[in-house]
Amino acid sequence: MCRDDTDVRCLTANVRRTGRRAGTLASIAVLAIGLAEGQTPSALSNPQLTVSPAGVSWKRVAGTTISAGLAGPASGPVAAIWYAAGSRLLVQTASARVFETTDFVRWRLNTTATPPQPLRTMPVPALPEAGAKVQPAGARLYATGTSNLYASDDNGRTWLNLTGFNNRSVIGGGFTALAVAPANPLEIAAANRFGAWRSLDGGLSWRALNEDLPNLLVRRLADRRLAALADGTLATVESGTWTPVDGSDPEIALRARFGATTHADLSAAALAGTTAYAGTANGRLLSSHDNGASWHEAPQTTAGQISRIWVDADRPDSALAASGAHLFRTVNGGQFWDEVTGALPSAQIHGIAADRSAGVVYLATDRGLFSGSLSLNDAGATATRWQAISGDLPAAPAWDVRLNADNTLTVALDGYGVFEAPAPHRTQNVRIVSGADLTERPAAPGSLISVLGAKVEAVRNEGINWPVLASSNESSQLQVPFEATAGTLSLTLQGASDSAAAQEHWSVPLTVKDAAPAIFVDSEGAPLILDSASGLVVDPKIAIPAGSTVEVLATGLGKVVPEWPTGRPAPVDTPPAVAGTVTAFLDGRPIEVTRAILAPDYVGYYLVELAIPAIVNRGASELRIVMNGVESNRVKLFLDPL
């Protein structure tokens with residue numbers, strides 16, 4: 001079922017029913033990749049691109065639960081849990097925030113409630129485990145142990161384990177509290193290291209209350225989708241939910257390695273090439289230029305523990321270090337550090353990201369996320385202009401921030417998960433990527449390409465104007481002219497007249513080849529593929545039947561026959577065919593390409609029609625297209641052998 005008129009399935013269905021495509025670039029291109037660039041969904045309803053509002057707009061990419069093999073989704077530690085008037089259940093998380101729920105699904109912040117004093121344990125003939133705390137509930141007794149919860153209906157002489165199965169608790173261990181509903185002794189709620197849990201039958205069955213509870217303590221982003229939690233667990237995210245993986249926080253491993261040679265209690269460490277930095281719990285800063293074999297200690301010491309170090313991968317002599325609410329900089333490999341905190345609001349700094357070439361720094365702090373201008377090439381002036389960029393993020397401490405290769409920021413919020421947004425400084429770092437998958441790859445005549453980090457008004461190369469099909473504050477989309485020649489070109493980009501960069505010009509390199517195939521993917525990496533029979537976009541979660549025919553949306557297939565003007569939508573009737581030969585491979589085996597044409601009524605898009613073999617394996621298969629020996633990106637199709 002279509003969600004609304006911006007849904008790709010609705011757009012494609014309308015295209016097929018009306019016999020025309022949904023405009024040029026705007027609807028599908030923004031649909032395919034725009035959300036990854038921070039576009040708002042409303043931009044999709046207009047065939048001509050609607051520019052999204054200025055400012056930082058964040059999108060949640062990872063939620064607040066983790067799959068821990070328990071009776072439901074887990075979260076972080078809950079310190080206290082109790083019932084209050086009005087059938088309310090309240091919890092206090094490890095971050096000392098209090099949340100309440102009345103429907104046992106949605107939680108809201110409560111800024112006035114405080115947890116009650118812990119109940120004194122009752123004396124009983126026998127405890128179910130050492131140190132268990134016993135509390136009455138009518139004629140029944142409950143006991144909270146470290147590993148499990150228990151119930152007794154004979155005044156504590158014998159106990160029933162309510163959570164144990166196969167020598168482990170079905171809702172996890174580390175129990176901190178048990179709450180009994182005032183009106184029903186069989187309705188109980190438990191708090192432990194894995195979140196909050198509820199039972200309506202006296203503990204015989206349990207349900208997680210963690211889905212909407214902002215309580216997953218992501219502390220460090222080891223990678224864009226790999227994070228270290230507060231308890232040291234390393235987890236990766238898929239479809240918004242975290243899953244534990246083997247291993248530990250890479251920075252902790254680095255600290256252990258360098259601690260052996262520095263003989264110091266290290267609280268932070270970073271490595272780029274053979275240049276290493278380390279910070280201690282008592283504020284000392286150390287550097288090494290031989291991969292940690294020998295160390296130099298800077299003459300300065302900070303007032304407190306070094307909490308984080310950032311080092312530039314391309315120029316390791318440039319680094320930043322955080323100590324409490326203070327920021328320090330070195331541009332000479334750690335020989336000397338100067339404080340560059342400037343007018344940053346006083347708050348503990350947890351994470352650092354920076355772009356040396358653009359002279360911008362991002363800080364994750366107890367008061368949210370900040371950006372500032374700071375020279376990282378020389379010992380220039382202290383950063384005095386800091387700007388809060390938390391925008392529409394929940395009000396919570398930011399524990400880490402990453403600046404990604406595609407000019408997006410990833411931030412981990414205390415309890416609330418992980419969010420992404422286009423980096424505010426993106427106009428200072430302009431890159432050209434494929435319009436199909438936002439990766440840096442060569443283009444071909446007729447290709448659709450994206451300029452990340454600039455709102456562009458005009459593009460020229462060797463006297464030829466390149467059409468700007470659409471633009472926003474985050475990016476601009478162009479088509480490579482069909483008459484472009486192969487080679488490494490230098491494009492001159494001019495900022496749009498209505499943007500802050502109106503007078504700016506950029507010179508950006510682009511490699512053009514006769515063919516540079518690329519398959520369009522959405523923000524989750526799923527290919528944009530149409531079912532030839534119905535004209536609907538194939539849902540990536542639904543298997544494609546064997547023997548069917550599909551159409552792959554692609555770009556970079558080069559010149560067409562007959563020739564077609566650059567910047568003009570392809571005709572609906574008899575669209576031009578690709579001049580070269582396109583081949584396709586499914587799990588490494590060739591499959592039939594029935595036709596390859598310009599996508600009707602689109603600019604820069606091609607349709608490659610494929611015949612799925614009658615005999616296929618069930619499950620995921622890898623698809624790629626090839627032209628003139630150049631391979632496209634590889635995408636996954638899910639097949640059904642029927």
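This report describes selected local features of a predicted model.

## Basis of the description

The structure is a predicted model, in which local features need pLDDT of at least 70 and side-chain atom pairs count only at pLDDT 80 or more, while totals for chains, interfaces and linings use all residues. Residues are numbered from 1 along each chain as its sequence is written, and side-chain values use heavy atoms, with hydrogens and water left out.

Ser434 belongs to strand S35, residues 431-434; helices (H or I, at least four residues) and strands (E, at least two) are DSSP runs, numbered from the N terminus. With a relative accessible area of 5%, Ser434 is buried; buried means under 20% relative accessible area, exposed over 50%, and partly exposed in between, with a 1.4 Å probe and protein chains only. Once neighbours within four places in sequence are set aside, Ser434 is in contact with Thr439, Arg441, Leu448, Ser450, Ala518 and Thr555, where contact means heavy atoms within 4.5 Å. Phe520 is 86 residues away from Ser434 along the chain, and the C-alpha atoms of the two are separated by 9.2 Å.

Asn461 is placed in strand S37, which covers residues 456-461. This residue counts as buried because its relative accessible area is 8%. Apart from neighbours within four places in sequence, Asn461 is in contact with Trp466, Leu489, Ser490 and Leu491.

## An open antiparallel sheet

Strands S12, S13, S14 and S15 form, in that order, an open sheet of 4 strands with antiparallel pairing. The edge strands, each pairing on one side only, are S12 (177-180) and S15 (207-208). Two strands pair if DSSP finds at least two bridges between them. Strand S13 comprises residues 188-192 and pairs with S12 in the antiparallel sense over 4 bridges. Within this pairing, Val180 stands opposite Ile188 in S13.

## Aromatic pairs and a cluster

The rings of Phe, Tyr and Trp (its six-membered ring) pair if their centres lie within 6.5 Å; planes under 30 degrees apart count as stacked, over 60 as edge-to-face and the rest as tilted. By this rule the model has 4 aromatic pairs. One of them is the edge-to-face pair of Tyr277 and Trp337, with 5.8 Å centre to centre and 80° between the planes. This pair links distant parts of the chain, 60 residues apart: Tyr277 is in strand S21 (residues 275-280), whereas Trp337 is in the loop between strand S26 (326-330) and strand S27 (338-339). Both Tyr277 and Trp337 are buried.

Tyr602 and Tyr605 form a tilted pair, with 5.1 Å between centres and 40° between the planes. Tyr602 is buried at a relative accessible area of 6%, and Tyr605 counts as buried at 0% relative accessibility. Together with Phe520, Tyr602 and Tyr605 form one aromatic cluster. Phe520 is also the residue whose C-alpha atom is separated by 9.2 Å from that of Ser434.

## Arginine side chains

A charge sits over a ring if NZ of Lys or CZ of Arg is within 6 Å of the ring centre and within 35 degrees of the ring normal. The charged end of Arg198 sits over the ring of Phe104, 3.5 Å from its centre. The ring of Trp564 has the charged end of Arg568 over it, 6.0 Å from the ring centre.

Arg356 takes part in a polar contact of 2.8 Å with Asn377 through their side chains; a polar contact is a pair of N or O atoms within 3.5 Å, and within protein one must be able to donate a hydrogen and the other to accept it, with residues adjacent in sequence counting only if both atoms are side-chain atoms. Asn377 lies in the loop between strand S30 (368-373) and strand S31 (386-388) and is partly exposed, at a relative accessible area of 36%. Beyond neighbours within four places in sequence, Asn377 is in contact with Arg315, Val331 and Arg356. Asn332 is 45 residues from Asn377 in sequence and 9.2 Å from it in space, C-alpha to C-alpha.

## Backbone exceptions in loops

Most residues other than glycine have a negative phi, and most peptide bonds are trans. His263 has a positive phi, near 55°; this residue lies in the loop between helix H3 (250-262) and strand S20 (266-272) and is exposed, with a relative accessible area of 70%. Asn628 likewise has a positive phi, near 55°. Asn628 occupies the loop between strand S52 (619-627) and strand S53 (630-631) and counts as exposed at 56% relative accessibility.

The peptide bond from Val561 to Pro562 is cis, with omega near -5°. Pro562 is placed in the loop between strand S47 (560-561) and strand S48 (577-578).
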